[in-house]
Amino acid sequence: MFFYLYDKITLDKKLEGALMHVEHRLIDLGINGRVERMAVFKNMRELIEDAIKREAHTVVAVGNDATFSKALSAVAPFPAVSLGFIPMFPDTVFGKLLGIPVGPEACDVLSKRLLQQVDLGRLGKTFFITSAEVAAHPSVSVECDGLYSISALKPDTSIRIDSVGPVLTQGLGRLARVDDGKLEVVLTPATSKRMFGRKAGETPSVFPVTHVKITAGESLAVSVDGEVVGKTPCEIEVLPKAVRLIVGKERLLR
């Protein structure tokens, strides 16, 4: 069974026509299924878990990047379930990563069911394909695979734990592989050095890992995609090939 989860953002009257075209196209392709629309008092994770209990084999998030990110974290504990995406807004980052066009054209990608298994990062109950970041502080230390520890030499150095990378907060720049069973600890120092009148960033240091423990002299916020989801001390690990995503041929994920 296909389960389509419409986010609250799709209630915008400007999307009524596009949603109608989506629903008609799903019927034409024979992949229509149960539909649930988010509301103020509905919890996305609970709706998805209930659908999976009712034997949904494919969950499709309908909305924007935030919709897909939350659906991903809810689907991740169920490796037999596939996750698809119908972007309803142009220039969605996950749409580009997955090679899925906007609106009704996304339905054709779903119908082909081209699947890619990808690694995820896990911080507590939050699963992510993008990046986790700890607030900059000179006391931050990252223990890598229980073998060595790294820390920032400059107090304003940013420390990230990347799966594919910080695509929602910093754009589609350098993308890490999502099928190698590794995360990356990325340290990027700020700099006041100028080049041609502009500040020039320093080259980040990258450390491949499978598990990290982050500590600091005080409790610091740890965020995923700009949303605080934990505090130090905390642990982050990779889950190799943890989720099956429906992708298109033009995907950027590798």
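**View 1. Confidence along the predicted chain.** This is a predicted model, in which local features need pLDDT of at least 70 and side-chain atom pairs count only at pLDDT 80 or more, while totals for chains, interfaces and linings use all residues. Residues are numbered from 1 along each chain as its sequence is written, and side-chain values use heavy atoms, with hydrogens and water left out. The pLDDT (the predictor's confidence in each residue, from 0 to 100) averages 92 for the chain, and 95% of the residues score at least 70. Over residues 194-198 the pLDDT is below 50, and this stretch has 3 contacts in the model beyond near neighbours in sequence. A contact means heavy atoms within 4.5 Å.

**View 2. Helix H5 and its buried side.** Helices (H or I, at least four residues) and strands (E, at least two) are DSSP runs, numbered from the N terminus. In helix H5, residues 104-112, the buried residues are Ala-106, Cys-107, Val-109 and Leu-110. They lie on the same side of H5 because they cover an arc of only 160° around the axis, the arc being that of the directions from the helix axis to the C-beta atoms. Buried means under 20% relative accessible area, exposed over 50%, and partly exposed in between (1.4 Å probe, protein chains only). Glu-105 and Lys-112 are exposed, on the face turned away from the buried side of H5. Among the elements against which the buried residues of H5 pack are helix H1 (16-29) and strand S18 (234-246). Arg-113 follows H5 and has a positive phi, near 50°.

**View 3. An open antiparallel sheet.** In the order S14-S11-S10-S7-S16-S17, 6 strands form an open sheet with antiparallel pairing. Strands S14 (205-209) and S17 (227-231) stand at the edges with a single partner strand each, so one side of each is left without a neighbour in the sheet. Two strands pair if DSSP finds at least two bridges between them; S7 (131-134) and S16 (221-224) pair over 3 bridges. Glu-133 stands opposite Ser-223 in S16.

View 4. Ser-158 lies in strand S10 and counts as buried at 17% relative accessibility. Not counting residues up to four places away in sequence, Ser-158 touches Glu-133, Val-186, Leu-187 and Thr-188. Gly-165 lies in the loop between S10 and helix H6 (167-170).
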